[in-house]
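Here are a few friendly notes to read alongside the model. Please keep the structure open as you go through the points.

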Amino acid sequence: MDLEQTVAALLSKNEQLGQENDQLKSMLSIVKENRDLRAKVQRFSNDALEDLTVCSAPERKPCSLWLNTFDESQFRKDLQQTKSNHEHRTSSPVDFKSFIHSSVHTNGSEKAEFHTPVVKDPERLLGEIAYQLDRRILSYVFQGHRRLYGFTLLNVPAKIVEVSTHPLTGKVDEGYQLHLTQRYADLMERLNQLGYKTALHPSFTEFVVNNYGILKERPGEYSTQGMDYNNPDFLRNVVRNAAPRKLQKDLLLVLICLCNMAEKDRKPLLLW
C-alpha cells in the first residue's frame with residue numbers, strides 16, 4: 001500500500017467517524033430531553049408535597065389539593081404523548097461537551113447505591129483510569145517512542161504522519177507509516193468489539209481527565225492501596241460509587257478496555 005492509499009484509508013475512516021458522531025449526537029439529544037422531562041415530573045411532585053404539608057397544619061381549611069383532585073390519568077396521558085414525540089426526534093441541538101459537562105455536576109441522589117470502597121480521592125481515581133487507557137493506547141501504537149508529549153487519541157492520525165516524516169528532509173517513511181497505521185487500526189478494531197467508539201471515547205476520556213485530574217501520589221507496588229488499584233472489581237465499585245450515573249456506563253467501558261489491554265500485554269492495570 002503506497003502513501004496515497006494510506007491517506008485514502010484515513011480519509012475513509014474519518015468519514016465513518018463523522019457519521020458515528022452524528023448518530024451519537026442524536027442519542028445525546030434524546031437523553032437530554034428525557035432528563036428535562038424527569039425534572040418536570042420532580043417539580044410537580046415537590047409542589048404536590050408542599051400543598052399536602054400546608055393541608056396538614058392545624059385549624060386550616062382543606063386545601064385545593066383535596067378540593068380539586070388532580071386528574072392523574074390526564075397527566076399520565078400527556079406525559080406518554082410527550083415521551084412518544086421525543087422518541088421520534090433525530091436532530092441534535094446539544095453538543096457532546098455540554099452534555100458531559102452537565103452530567104458531571106449532578107447531585108448525590110443520582111449516584112448508584114453501592115458499598116463505597118475506601119478511597120482517598122475517588123474522583124481522581126476516575127481520571128486516572130481514563131488517563132491510563134489513553135496512555136496505554138498511545139504506547140501501543142507508538143511503541144518505539146518513549147516520549148509522548150503532545151500525543152493524544154484525538155490526533156493519532158496526524159502524529160502517525162509526523163513521526164514517519166523526516167524532520168529535515170521531509171521524506172516520508174511509507175513502510176513505517178503503514179506499520180503504525182495498521183497497529184492503530186488493529187487495536188481500534190479490537191476495542192470496538194468491546195463497545196469502544198473512536199468518535200466518542202477519546203473526547204470522553206480527555207474530558208474526564210480534565211475535570212477530575214489524576215492521582216497525585218503513586219501507591220506502593222505491594223501496598224494494600226496498590227493492590228486495590230490493580231483489582232478490576234475494586235475499580236468497578238469506585239466507578240459505580242464516585243461517578244455520576246450518566247458517566248458510569250462509559251467509564252465502566254473504559255475500565256473494560258483497560259483490563260483487556262492489561263490482559264493482552266500481561267502488565268498491571270495501572271502503569272507508572
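1. A word on terms before the helix pair: axes are lines fitted to C-alpha atoms, for helices over the stretch in contact, and angles run from 0 to 180 degrees between N-to-C directions. Helices (H or I, at least four residues) and strands (E, at least two) are DSSP runs, numbered from the N terminus. This is a predicted model, in which local features need pLDDT of at least 70 and side-chain atom pairs count only at pLDDT 80 or more, while totals for chains, interfaces and linings use all residues. Residues are numbered from 1 along each chain as its sequence is written, and side-chain values use heavy atoms, with hydrogens and water left out.

2. Have a look at α5 (residues 122-141) and α8 (residues 201-212): their axes come within 8 Å and cross at roughly 145 degrees. On the α5 side, the contact (heavy atoms within 4.5 Å) is made by Glu-123, Arg-124, Leu-126, Gly-127, Ala-130, Tyr-131 and Asp-134. Helix α8 contributes Thr-205, Glu-206, Val-208, Val-209 and Tyr-212. Six of these contact residues are nonpolar, two polar and four charged; here Ala, Val, Leu, Ile, Met, Phe, Trp, Tyr, Cys and Pro count as nonpolar, Asp, Glu, Lys and Arg as charged, and the others, Gly among them, as polar.

3. Next comes α10 (residues 232-242). Its buried residues (under 20% relative accessible area, with exposed meaning over 50% and partly exposed in between, using a 1.4 Å probe and protein chains only) are Phe-234, Leu-235, Val-238, Val-239, Asn-241 and Ala-242. Their cover includes α5, α9 and α11. At the start of α10, the backbone nitrogen of Asp-233 has a side-chain oxygen of Asn-231 within 2.9 Å.

4. Gly-226 sits in helix α9 (residues 224-229). This glycine has a relative accessible area of 5%, so it is buried. Leaving aside neighbours within four places in sequence, Gly-226 is in contact with Pro-219 and Gly-220. Between Gly-226 and Leu-270 there are 9.1 Å from C-alpha to C-alpha, for a separation of 44 residues in sequence.

5. Is Asn-260, at 15% relative accessibility, buried or exposed? It counts as buried. Asn-260 belongs to helix α11 and touches Arg-190, Leu-191 and Leu-194, not counting residues up to four places away in sequence.

6. Finally, do check Arg-266, in the segment after α11 (245-265). Its phi is near 60 degrees, a positive value in a residue other than glycine. Arg-266 is exposed, with a relative accessible area of 79%.

Methods:
Polar contact = N/O pair within 3.5 Å; in protein donor to acceptor, adjacent residues only side chain to side chain.
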